[in-house]
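Student: Could we go through this structure together, with each term set against its definition?

Tutor: Gladly; let us look at the structure and then take the terms one by one.

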Amino acid sequence: MPSAESTPTPVHEPDPVRPTSDDPVAAAGSELIGGPLGRRALLGTSWWTPVRIVALVAIGMFALGLIQKAPCYNGGWFFGATSQYTHACYSDIPHLYQGRGFADGLVPYFDKLPGDMDYLEYPVLTGVFMEVAAWLTPGSGSIQDQEQWYWMVNAGMLMACAAVIAVCVARTHARRPWDGLLVALAPALALTATINWDLLAVALTAAAMLMWSRGRSLAFGILLGLATAAKLYPVFLLGPLFVLCWRAGKWRDFGKALGGAVVAWLVVNLPVMLFAFEGWSKFYRFSQERGVDFGSFWLILAQNSSDPLTTHSVNTLATLLVVLCAVGIAALALTALRRPRFAQLAFLIVAAFILTNKVYSPQYVLWLVPLAVLARPKWRDFLIWQACEVAYFVGIWMYLAYTMSGDAHKGLPTDGYHWAIGVHLLGTLYLCGVVVRDILMPERDVVRQAGDDDPSGGVLDGAEDVFVFGVAAHPPRHASALDGPQVDWGKQDAADSSL
């Protein structure tokens, strides 16, 4: 049998990057399963391909997350004021089964709800997801039995979303399929996956990124429009894409992406908008009206001020901050000596939106996980960030246990919770800083060190610059004059020869 070294590799199938060869943390971690992959290993000869392994690991980690919720499933959601917090297993899903009318057969957006929340406060596609899960939930038994079933049905649907995310990330960078393990093994994903329904939008966004990397601009737009119909944040990806297409002169592709997104969003939203406008608009009104909430730096300011800002003032200031961040990201994209990768800017704009928002719920980390992996697939930096998010995950539930336990004060006091908020904000800022450094110093970018330009960039990969300003208007021949791998860019033949 010929060795891998003597077996010719097809030109159209580039050699995959092996994390255990160039990432010290991945190499050390691989010792648990036999050590780094040998240079004589026969790749592509087994059913166990990287994508299949990534998908199975993602499902396994998701299952561990379900086990972590077991104390709540068996009683914490239904009995005791603080049990679901002390066991860190809280989920919105069982509580909203009855609280949003699904147990009574009410139609989201069309039927008014009793209580303080008059209509479902989620975007339409998420509401459809919730309603489908309600259809699949047995209507017999006690309300507790139904809520348990509802959570399990949703968990199964969300598990499929988690597998889709991991597979899409593994396939977006063709030469780096093992980066999908960062998604699959992310502790924050396992812990927060079933708190809410965010994984639906994350899965659609990850699929959109995959389509863009394959040069399918219209499919990207359609999937991004659907993702925006499930959660607001995916629409922010159009901003970085606009700037990058401007720099590369790829207006036709951007137009197809924008058109697909608008049409897909309207197809989902327009019927509800026309026939149940009050219910449809509840998500947008609620987003404006809700006050400062958990996880944001605005909460620290409010709880340490004798005269906190009004909700209107916070909305205005938060909008101003995210606009300033967007302008800074656009300037970075147009002035950097080497055009940034799409995934890098996508991560930065979503992180900017979360960091400046008046709410930073623990499940919002799910929005960033796949984008972070595509932007900075380095185990050390990813695990530092994940450790900060896990610390916050514990912190918020211990704080709620403290506030709900009355005079017993069991849990984390307010000052301790503020430290937990600071940790997870700093963790996200740290990863943002590393990504910005990679943009300014491309030789530090692990994706480009392997010889690629922008593997998630689709039509932007290897494209020439058409519009730049500042120092980028007079670039050197190479991305950097410093020591390290020197890779030409802006020429298709350079991009092809690096494969």
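Student: Which residues touch the most other members of the largest nonpolar core?

Tutor: They are Phe220 and Phe347, out of the 133 residues in that core. Helix α11 (residues 198–213) gives the largest share of this core, with 13 residues. A nonpolar core is a set of buried Ala, Val, Leu, Ile, Met, Phe, Trp, Tyr and Cys residues joined through side-chain atoms within 4.5 Å. Before we go on, note that this is a predicted model, in which local features need pLDDT of at least 70 and side-chain atom pairs count only at pLDDT 80 or more, while totals for chains, interfaces and linings use all residues. Residues are numbered from 1 along each chain as its sequence is written, and side-chain values use heavy atoms, with hydrogens and water left out.

Student: What is Phe347 in contact with, leaving aside its neighbours within four places in sequence?

Tutor: Contact means heavy atoms within 4.5 Å, and on that basis the partners of Phe347 are Leu368, Leu371, Ala372, Ala375, Leu431, Cys432 and Val435.

Student: Why is Val373 called buried?

Tutor: Buried means under 20% relative accessible area, exposed means over 50%, and partly exposed lies in between, with a 1.4 Å probe and protein chains only. Val373 has 0% relative accessibility, so Val373 counts as buried.

Student: Why does Leu274 count as exposed?

Tutor: Leu274, in helix α14 (residues 251–275), has 60% relative accessibility and therefore counts as exposed.

Student: What makes Cys72 and Cys89 a disulfide?

Tutor: A disulfide is a pair of cysteine sulfur atoms within 2.5 Å; the S to S distance from Cys72 to Cys89 is 1.9 Å, and a disulfide joins them. By this rule the count comes to 1 disulfide. Cys72 lies in helix α4 (residues 70–76) and Cys89 in the loop between α5 (83–86) and α6 (92–99), so the pair ties together parts that are 17 residues apart in sequence.

Student: Why is this disulfide called right-handed?

Tutor: The torsion about the S-S bond of Cys72 and Cys89 is about 75°, and therefore the disulfide is right-handed.

Student: Are these two cysteines, Cys72 and Cys89, buried or exposed?

Tutor: Cys72 is buried, with a relative accessible area of 0%, and Cys89 is buried with a relative accessible area of 0% as well.

Note on methods: Helix = DSSP H or I, 4+ residues; strand = E, 2+ residues; numbered from the N terminus.
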